[in-house]
Amino acid sequence: MNPTRQTDLAFEIVLSHYNEDLTWLKQHSAECCVYSKGGEKNEPELPFNFTPLPNIGREGHTFLYHIVNRYEHLAEVTLFVQGRIDHHVDMTLAEMKAKAMTTIPGQVTTYPFRELELFEHWEGIPWEKYPCWKRWSSMATQTMPETPLELFQKYIAESDRMPVAVGFAPGAIFAVKKETIMRHSNAYYERLLQQMFLGEMAHVNPETGHYMERFWLAMFNPAEYVQWDDSDLSKAERNKDGQLAKGRWYRTSMGSAVDLGAMRRGEELDSPMSPISPVAGSSSTPESSETELSTITNEEFLDHKQSIGM
């Protein structure tokens with residue numbers, strides 16, 4: 001188990017684990033802070049030290065737990081990942097670390113091949129209209145008493161303003177500097193942890209977990225990842241970090257059968273499923289995917305990546 005660290009690191013990988021094979025991390029095990037939620041039968045094998053946590057709150061609970069408990073000794077750069085990332089990222093861990101170490105204060109580093117996506121369902125995601133998310137909507141879920149808008153206003157923005165949309169990284173895989181995390185107080189994160197994932201929301205699949213995935217970037221850098229009104233739209237397609245710029249994030253079409261998102265390699269867009277459409281300033285609505293598939297496994301997803309040369 002990980003003892004409470006009293007020294008600051010230049011770089012750390014914070015990993016939310018359940019039962020995934022962590023072989024892909026072995027060469028970087030000394031840089032890993034693993035939180036395992038799979039119980040004794042799924043404990044990571046050596047060389048990993050780990051901290052056991054109850055299986056609640058998805059990765060959002062794990063990441064907030066780390067921030068709250070390591071707030072005074074955060075690494076200079078923290079890379080937040082899940083136990084398996086190959087269905088979201090097509091880079092080696094060494095490449096991810098190298099990119100993370102270029103992160104500057106205020107920046108949230110995200111990784112290809114998934115483009116930043118758009119969240120705009122402020123009254124709640126209509127899960128039944130998104131067959132591509134059936135995996136999540138079919139699971140037993142602890143519903144939250146507040147709307148996503150109320151959560152965002154109370155605990156993320158601490159403002160009563162209503163945004164048009166926010167941009168997010170699918171899978172909640174990102175790197176951020178200590179200075180950026182510490183723009184908020186530890187009390188801010190403690191409150192967020194309590195309201196989103198403890199008490200009545202202490203559940204293996206709380207609805208809040210899906211919304212926290214969509215709020216990370218907006219929490220760390222609202223100037224870049226929150227679109228407050230229709231005029232708050234970037235003129236450029238991409239920001240200085242190569243991400244889709246404010247208001248130009250990928251929108252998943254209702255009725256989409258497969259959640260592939262928009263693809264990019266490096267800074268190049270390759271979207272076989274649906275075109276990018278900005279939140280505002282566009283008169284067209286993205287068409288639903290024409291694919292005949294109704295479900296897709298991780299293995300099928302990786303096969304698709306290979307078939308399009310990723």
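1. Contact between helices α4 and α7. In this predicted model, the residues of α4 that meet α7 are P148, L151, F152 and I156. On the α7 side, the partners are T208, Y211, M212, F215, A218 and M219. Sorted by class, the contact of α4 with α7 holds 9 nonpolar residues and 1 polar residue, with no charged residues.

2. Geometry of that pair. Two packed helices are described by the angle between their axes and by the distance between the axes. Helix α4 covers residues 148–156 and helix α7 covers residues 207–220; their axes come within 11 Å and cross at roughly 50°. The crossing of α4 past α7 is right-handed.

3. The sheet. The model also has an open sheet of 6 strands, with mixed pairing. Read across, the strand order is β3-β2-β1-β4-β8-β5. At the edges are β3 (50–52) and β5 (108–109), each of which pairs on one side only.

4. Strand β1 (residues 11–17) and strand β4 (residues 77–82) run parallel and are joined by 6 bridges. As an example of a position to look up, V14 has F80 in β4 as its bridge partner.

5. A helix on the sheet. Helix α1, residues 58–69, packs on the sheet. The strands touched by α1 are β1, β2 (32–36), β4 and β8 (174–177). The direction of α1 makes about 140° with that of β1.

Methods: Residues are numbered from 1 along each chain as its sequence is written. This is a predicted model: local features need pLDDT of at least 70, side-chain atom pairs count only at pLDDT 80 or more; totals for chains, interfaces and linings use all residues. Side-chain values use heavy atoms; hydrogens and water are left out. Two strands pair if DSSP finds at least two bridges between them. Helices (H or I, at least four residues) and strands (E, at least two) are DSSP runs, numbered from the N terminus. Contact means heavy atoms within 4.5 Å. Axes are lines fitted to C-alpha atoms, for helices over the stretch in contact, and angles run from 0 to 180 degrees between N-to-C directions. A crossing is left-handed if the near helix is turned anticlockwise from the far one by less than a right angle, and right-handed if clockwise. Ala, Val, Leu, Ile, Met, Phe, Trp, Tyr, Cys and Pro count as nonpolar, Asp, Glu, Lys and Arg as charged, and the others, Gly among them, as polar.
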